[in-house]
Amino acid sequence: MTQNFSESDFLPYKLSGLLYAPAINISVAEKIINNKFPQLTSMAFCLEDSIMDDALHDAEKALVKTLEFIRRNTSQGQELPLLFVRIRTPQHMEYIHNLLGENEEVLTGYILPKFDLSNAKKYRQLIVKFNQNREKPLYIMPILESQMIAYKSTRLNILLAVKEIINEIKDYVLNIRVGGNDFSNIYGLRRSVNQTIYDIGVIRDILVDILNVFASDYVVSGAVWEYFGSNPNDEWAEGLRRELALDRLNGFVGKTAVHPSQIPVIYESMKVSESDYNDAVQILNWQPDSLGVSKSNDGSRMNEVKCHSKWARRIKIMGDIYGIREQ
């Protein structure tokens, strides 16, 4: 059952640490062109929470300049990070789409905050419209972070209804994101540098429900880690590594980053162990015979093709993108 993967299979896993930058910061364009951050695989120009309302117009003008600079100064064949714009509302998304014009060509897509039943159908309509007559798809990444999703009394029904809408445009949905800080803010909570998002019970339950509904069909990215610094051995980095390990265990892939210092830590976490990679290859290349189970390559565990095939697919893709670590 040898399995070959296409570029569309790989793309949702190429985000790694999605670095957020306020769109008003035009200096970032030159850093992207010059590969200032070599492990940066994806970046979001934010027009939402990081921009005060009074500064939105200036940020929009700066965004146009930034994307135009990137478009005009990218060498042929040069590989850029996946670039996104985080907008505010469906109406704002349509406005930015028209404002950017040909500069939208350098974008991979748009990030949609507070995605729920109040706006999902309008976003669906817009992304279908934007993709008409396009050679390269324009993607969206919905963020689940609003109150109607947080509250237990409505959560499951809302999540299932949102997924039905997303399924209608599945080819344009690169991944599902979660708003850990927005959910925490609803309850007036905030984790310390020595705690993970999973230590906050009410937030953990929300995240688990999102994974339960979406992770079987979509790549779901982990909550933002808000601590950073210059020393990768300090407690901010150790805390990030602990949370990334729990992200992986629970089914999240990748993470939102708020500072360039987080990028190498997140990137390293995307690598897979040699034993996992070898087992994934074994499972994906399973020879059809009477047995569906076999010892792993190192003889330490059981591989079962019917139970581990989806895990193997993820491990193989991530290993091919980010590489293999010894342990």
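1. A nonpolar core here is a set of buried Ala, Val, Leu, Ile, Met, Phe, Trp, Tyr and Cys residues joined through side-chain atoms within 4.5 Å. Buried means under 20% relative accessible area, exposed over 50%, and partly exposed in between, with a 1.4 Å probe and protein chains only.

2. The model is predicted: local features need pLDDT of at least 70 and side-chain atom pairs count only at pLDDT 80 or more, while totals for chains, interfaces and linings use all residues. Residues are numbered from 1 along each chain as its sequence is written, and side-chain values use heavy atoms, with hydrogens and water left out.

3. The largest nonpolar core has 73 residues, and Tyr-110, Ile-210 and Phe-214 have the most contacts inside it. Helix α9 (residues 201-214) gives the most to this core, with 7 residues. Another core, of 19 residues, lies apart from it; Tyr-13, Tyr-277, Val-305 and Ala-312 are among its members.

4. Helices (H or I, at least four residues) and strands (E, at least two) are DSSP runs numbered from the N terminus; two strands pair if DSSP finds at least two bridges between them. An open sheet of 8 strands has parallel pairing and the order β7-β6-β5-β4-β3-β2-β1-β8. Its edge strands, β7 (220-221) and β8 (255-257), each pair on one side only. Strands β1 (residues 17-22) and β2 (residues 42-46) run parallel and are joined by 5 bridges. Tyr-20 stands opposite Ala-44 in β2.

5. Contact means heavy atoms within 4.5 Å. Axes are lines fitted to C-alpha atoms, for helices over the stretch in contact, and angles run from 0 to 180 degrees between N-to-C directions. Helix α4 (residues 90-100) lies across β3 (82-86), β4 (109-112) and β5 (139-144), at about 155° to β4. Leaving aside neighbours within four places in sequence, Tyr-110 is in contact with residues including Phe-84, Met-93, Ile-96, His-97, Glu-104 and Tyr-139.

6. How many disulfides does the structure hold? There are 0, a disulfide being a pair of cysteine sulfur atoms within 2.5 Å. Cys-46 is buried, with a relative accessible area of 3%, whereas Cys-307 is exposed at 53%.

7. Most residues other than glycine have a negative phi. Asn-35, in the loop between α2 (28-33) and β2, has a positive phi of about 55°. Asn-133 also has a positive phi, near 65°; this residue lies in the loop between α5 (120-130) and β5 and is exposed, with a relative accessible area of 82%.
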